[in-house]
Amino acid sequence: MIRRTRPVAGAIALLAALTAGIAFPAGAAAGEPTGQDAPKVDLVLDVSGSMRAKDIDGQSRMAAAKQAFNEVLDATPEEVQLGIRTLGADYAGDDRKEGCKDTAQLYPVGPLDRTEAKTAVATLVPTGWTPIGPALLQAADDLDGGDGSKRIVLISDGEDTCAPLDPCEVAREIAAKGIGLTIDTLGLVPTAKLSRQLSCIAEATGGTYTSVEHQDELTDRVNELVDRAAEPVVTPVATEGAGSCDKAPVLQSGLYTDREEFGQQRWYRVELLAGQELRASVSVAADRAVRPDYGVLLRAVTVHGREIVRGEATGNGRTDVMSTGLRYPKPERDDDDSDKPAAETVCLGVTTSFSADAGVKTTPGLPLELTVDVVDGPDNASDVASFGLGRGWWLLGALVAAGFLAGLVWGWLSRWRVAVWRTN
């Protein structure tokens, strides 16, 4: 058995840490990129009154956004279905209830007509409120359907004005649906409060936040995000772990996503044949304020509760993501074991020790990503389980022997040199 702990530096490395070095079988494994549907992107632009401010390269924020959009529309890949949604573009009154409804689809998500989209953008005039939360909900509906990649790019110069509908909570609810939608955010000349809000929205869905103070930065970043949507991606499959192994879902090789509440334990099952090796890893993201000193534990146990192997990691508040993994090679059956079953059910249990101060919402639970990979095991599984060295024991033995012989030779040479020095 091998014990392995794999800490992750931050949320951006989450997917790479889970999928690096894993070769999924050529079947319809969970989480594989299907490539059946075109990637979709919805650009969500803040058109509130504050966009009149002239602090981006001597022009207004609105003018900089329009210029950036025109260049992005020219560079959008043909295979990307792109739409544009606005917030705060139509209602100029003082009625907060009406202002918080002010979000509209300027250009529908679909095949791009560049001339028509540019004409629509040219009509925009900074007007009203900043209903970020309602706009995100509508944008998620804009991208509904299909199994291609889905991305919202939110561009705003001010924090949401429609609380208590917290846009960060809205992003968490969108992520909890398990539809594989990513929200990236860009703050135009942002304040500290806006940066915190936009960062929270992005982190809730595994997206990125960027601070922008120049028009060319805005153009380059939006272009990069639109191009990224066209790249093949692995979309996690939504699953729901159980409170006990006997009721847990059976998982195949693939990438899965779930939600785990504070102090909760989730169980999953994997069927493992003799001669196969189970590789599993889990990452839990702290997408809200949590207390320092937390951890995540991944255990592989038998159906009778005997622990086979575990991986664990702890944190002290310096990272937003905790990750760990394990490996379990099941030996081939000997002739004497012919009466034993060829398959074994392995129970994977995920336990977290996150906690939060009063007032922090605990639902939906913290986002969890689980990677399961069942591959052909090594020739001698028990050999691999020897302190993680496997057949490296042969190399270790050779190195020890070589070191011993080198020491003897060096000692003899040293004694000979001293003897010669005394003689002379």
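Reply: Arg-266 forms a salt bridge with Asp-258, and their closest N and O atoms are 3.6 Å apart. Both Arg-266 and Asp-258 are buried. The model is a predicted one, in which local features need pLDDT of at least 70 and side-chain atom pairs count only at pLDDT 80 or more, while totals for chains, interfaces and linings use all residues. Residues are numbered from 1 along each chain as its sequence is written, and side-chain values use heavy atoms, with hydrogens and water left out.

Me: What is a salt bridge, and what does buried mean?

Reply: Side chains of opposite charge can pair when their charged atoms come close. The term salt bridge is used for a side-chain nitrogen of Lys or Arg within 4 Å of a carboxyl oxygen of Asp or Glu. Buried means under 20% relative accessible area, exposed means over 50%, and partly exposed lies in between (1.4 Å probe, protein chains only).

Me: How many salt bridges does the count come to?

Reply: The count comes to 21 salt bridges. Among them is the pair of Glu-98 and Lys-101, with 3.7 Å from N to O. Glu-98 is partly exposed, with a relative accessible area of 35%. Some residues are linked in a network of salt bridges, namely Glu-169, Arg-172, Arg-259, Asp-287 and Arg-288.

Me: With which residue does Glu-344 form a salt bridge?

Reply: Glu-344 forms a salt bridge with Lys-330, the closest N and O atoms being 3.3 Å apart. Glu-344 lies in strand β15 and Lys-330 in the loop between β14 (321-329) and β15, so the pair ties together parts that are 14 residues apart in sequence. Helices (H or I, at least four residues) and strands (E, at least two) are DSSP runs, numbered from the N terminus. Glu-344 counts as buried at 15% relative accessibility, and Lys-330 counts as buried at 15% as well.

Me: How should I read a pair of aromatic rings?

Reply: Rings of Phe, Tyr and Trp (its six-membered ring) pair if their centres lie within 6.5 Å; planes under 30 degrees apart count as stacked, over 60 as edge-to-face and the rest as tilted. A search of the whole structure finds 1 aromatic pair. Tyr-294 and Phe-354 form this stacked pair, at 4.7 Å centre to centre and 15° between the planes. Tyr-294 belongs to strand β12 (residues 294-301) and Phe-354 to the loop between β15 (343-352) and β16 (366-376), so the pair ties together parts that are 60 residues apart in sequence. Both Tyr-294 and Phe-354 are buried.

Me: In what order do the strands of the antiparallel sheet lie?

Reply: Two strands pair if DSSP finds at least two bridges between them. Here 4 strands form an open sheet in the order β10-β15-β12-β13, with antiparallel pairing. The edge strands are β10 (265-273) and β13 (307-315), each of which pairs on one side only. Between β12 and β13 there are 8 bridges in the antiparallel sense. Val-296 has Ala-313 in β13 as its bridge partner.

Me: Which sheet has mixed pairing?

Reply: That is the open sheet of 6 strands in the order β4-β3-β2-β5-β6-β7. Its edge strands, β4 (103-110) and β7 (209-212), each pair on one side only. β6 and β7 pair in the parallel sense over 4 bridges, and the bridge partner of Leu-186 in β7 is Thr-210.

Me: Where do cis peptide bonds occur?

Reply: The peptide bond from Ala-163 to Pro-164 is cis, with omega near 20°. Pro-164 is placed in the loop between β5 (150-156) and α6 (167-176). Another cis peptide bond joins Thr-363 and Pro-364, with omega about -10°. Pro-364 is in the loop between β15 and β16.

Me: What is the phi of Asp-57, and is Asp-57 buried or partly exposed?

Reply: Phi of Asp-57 is near 55°, a positive value in a residue other than glycine. Asp-57 lies in the loop between β2 (40-46) and α2 (61-75). At 45% relative accessibility, Asp-57 counts as partly exposed.
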